[in-house]
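Here are a few notes to read alongside the structure.

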Amino acid sequence: MHAQTAPRPLAFSAGGPLRGTVTVPGDKSISHRALMFSGLAVGESRIEGLLEGEDVLATAAAMRAMGCDIERTGPGSWRVHGVGVGGLLQPQAALEMGNSGTSTRLLMGLIASHPITAAFTGDASLSKRPMGRVIEPLSRMGADFTASPGGRLPLMERGLCPAVPIEYRLPVASAQVKSAVLLAGLNTPGTTRVIEPVPTRDHSERMLRGFGAALSVEETAEGRVIAITGEAELQPQQIVVPGDPSSAGFWMVAASIVPGSAITIANVCMNPTRTGLITALRMMGADIAEANARTVGGEPVADLVVRHAPLRAIEVPPDLAPSMIDEYPILFVAAAMAQGRTMARGAEELRVKESDRIDAMAAVLDVLGVAYQPFEDGLAIEGRGGDRFAGGGTVTTHLDHRIAMSAAIAGLAANAPVTVDDVSPVATSYPDFLATLDALREGRDEGA
Ligand SMILES: O=C(O)C1=C[C@@H](OP(=O)(O)O)[C@@H](O)[C@H](O)C1
Ligand SMILES: C=C(OP(=O)(O)O)C(=O)O
């Protein structure tokens with residue numbers, strides 16, 4: 001895993017326009033869930049388009065360690081023979097979660113209602129992230145935790161079977177917390193309910209239904225109420241994973257800020273709980289057209305055609321935050337190139353991602369020579385009005401893939417090179433990022 005390898009610095013500089021067609025890798029959130037739910041079905045599922053990034057491979061390894069038979073049959077093609085709900089086995093060694101919050105929190109949910117004990121470890125970044133947000137509801141369901149100080153990794157979890165169904169109102173807008181409780185509910189007798197005052201990505205709900213779980217979603221005055229009836233049998237599926245809108249975001253912004261660019265990003269998941277960046281960029285004047293709208297794997301998908309356009313500052317609506325939470329780093333790069341002062345608040349969750357993404361991006365803006373004002377929950381950014389960034393310096397990625405990729409894209413619009421101190425974390429979510437960037441700079445269709 002990248003955390004153990006030597007840092008790999010790389011410089012990014014301005015060049016000509018970006019041209020060509022790229023296909024982004026499979027969605028990370030959906031890929032984790034495809035492996036987990038297939039692992040809990042009785043029989044054989046097939047997955048196409050799985051993201052083969054380090055985070056998803058950590059999920060695959062953990063599911064294998066708990067008895068699932070998981071095999072890669074070709075690029076992006078995987079075969080999973082599940083153990084059935086309730087059938088997870090005691091892992092014989094600690095579950096190594098690498099850099100992945102999603103793997104950790106969702107698996108903590110699964111294990112909570114199985115009669116097994118598991119230790120979770122992670123890299124230096126993951127070991128700083130709060131797990132109390134899942135420990136709290138899962139403890140109410142009967143699981144027992146011994147965590148490191150501050151509710152962090154490494155931690156030990158002992159599941160309880162049968163667990164106790166709960167009704168849980170999410171105190172933080174988090175699809176990971178929602179999913180952890182629903183997954184614990186999968187092997188819990190009775191009905192487990194999650195109330196979500198602010199909608200977050202709904203891939204767990206869509207996919208659990210597709211696997212045959214008894215799951216209902218109701219819009220109420222309190223928010224969305226998701227109810228799952230436990231001890232269900234999941235049916236094996238053929239899953240096609242659509243392209244990751246979070247990965248597509250880097251190219252949307254790159255093409256928007258590099259003059260003369262015109263690119264197509266194929267096969268992007270357009271689930272409305274994930275498209276906040278597109279909404280925000282369009283408000284800023286970005287030229288993003290949708291073509292070939294279709295449904296893939298139960299998710300809306302489209303190809304995006306993005307052309308360079310002058311961007312103007314906006315006040316980013318705070319209610320977009322859950323639908324673009326991972327895209328703020330690259331949105332900040334777009335804001336830094338826009339005309340005027342962009343205000344992005346209501347995103348305090350950025351402080352507890354792979355790095356503190358507000359501080360980390362503020363440091364990137366320092367390197368770019370862009371003025372900003374930090375807030376506890378966001379940034380105000382004084383855009384360059386289309387002028388190249390000053391650039392010339394080294395950015396610290398803090399083991400954060402999205403900081404590495406955002407800084408790389410900023411380098412494409414900078415007068416002096418922007419050096420990313422370590423590009424290896426891109427393998428977390430986008431192993432082909434650098435190859436795709438080369439293809440776009442050379443105006444080649446990817447793979448051609
Ligand atoms: O459920 C998921 O797959 C994810 C949910 C989000 O995290 P939170 O639930 O912590 O907001 C997001 O940041 C993460 O990249 C993936
Ligand atoms: C926050 C992210 O992932 P995770 O929480 O799974 O580490 C991300 O991919 O930006």
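**Notes on the predicted model**

1. Leaving aside neighbours within four places in sequence, Phe332 is in contact with Met361, Leu379 and Ile381. Please keep in mind throughout that this is a predicted model. Phe332 sits in helix H9, which covers residues 328–337. Phe332 counts as buried because it has 28 C-beta neighbours inside 10 Å. Another pair to look at is Phe332 and Met343: they are eleven residues apart in sequence, and their C-alpha atoms are 9.7 Å apart in space.

2. Next, a hairpin. Strand E20 (residues 372–375) and strand E21 (residues 378–382) run antiparallel and are joined by four bridges. Two residues lie between E20 and E21 in this hairpin.

3. Now to ligand 1. The residues around ligand 1 are Ser29, Gly101, Thr102, Ser174, Ala175, Gln176, Ser179, Arg201, Ile325, Asp326 and Glu349. By class, this shell has two nonpolar, six polar and three charged residues. Helix H3 (101–112) and helix H5 (175–186) each supply at least two residues of the shell around ligand 1, and H5 gives the most, with three residues. Domain 1 (2–26 + 242–442) and domain 2 (28–240) each contribute at least three residues to the shell around ligand 1.

4. Which residues are around ligand 2? They are Lys28, Asp55, Ser100, Gly101, Thr102, Asp326, Lys353, Glu354, Arg402 and Ser429. The shell around ligand 2 holds no nonpolar residues, four polar ones and six charged ones. Ligand 2 lies between domain 1 (2–26 + 242–442) and domain 2 (28–240), because both give residues to its shell.

5. On annotation, the unreviewed UniProt entry lists Lys28, Gly101, Arg129, Gln176, Arg357 and Arg402 under "binding site". For comparison with the model, Lys28, Gly101 and Arg402 are among the residues around ligand 2, while the residues around ligand 1 include Gly101 and Gln176.

6. Lys28 deserves a look of its own. Lys28 is placed in helix H1 (residues 28–40). It counts as buried because 24 C-beta neighbours lie inside 10 Å. Not counting residues up to four places away in sequence, Lys28 touches Leu51, Gly53, Asp55, Val56, Asp244, Ser246 and Ser429.

7. Arg129 is in the loop between strand E7 (117–121) and helix H4 (132–140). Setting aside residues up to four places away in sequence, Arg129 touches Gly101, Arg152 and Val352.

8. Last, a sheet that includes E7. Four strands form this open sheet, in the order E6-E7-E9-E8, with mixed pairing. At its edges are strand E6 (95–96) and strand E8 (144–148), each of which pairs on one side only. E6 and E7 pair in the parallel sense over two bridges, and the bridge partner of Glu96 in E7 is Thr121.

Terms used. Residues numbered from 1 in each chain as written. Chains lettered and ligands numbered in written order. Predicted model: local features only at pLDDT ≥ 70, side-chain atom pairs only at ≥ 80, totals over all residues. Near = placed C-beta within 6 Å. Nonpolar A, V, L, I, M, F, W, Y, C, P; charged D, E, K, R; others polar. Domains from an automatic or database assignment. UniProt positions renumbered as here; feature names shortened; annotations may be inferred. Buried ≥ 20, exposed ≤ 12 C-beta atoms within 10 Å, placed from the backbone. Contact = placed C-beta atoms within 7 Å. Pairing = 2+ DSSP bridges.
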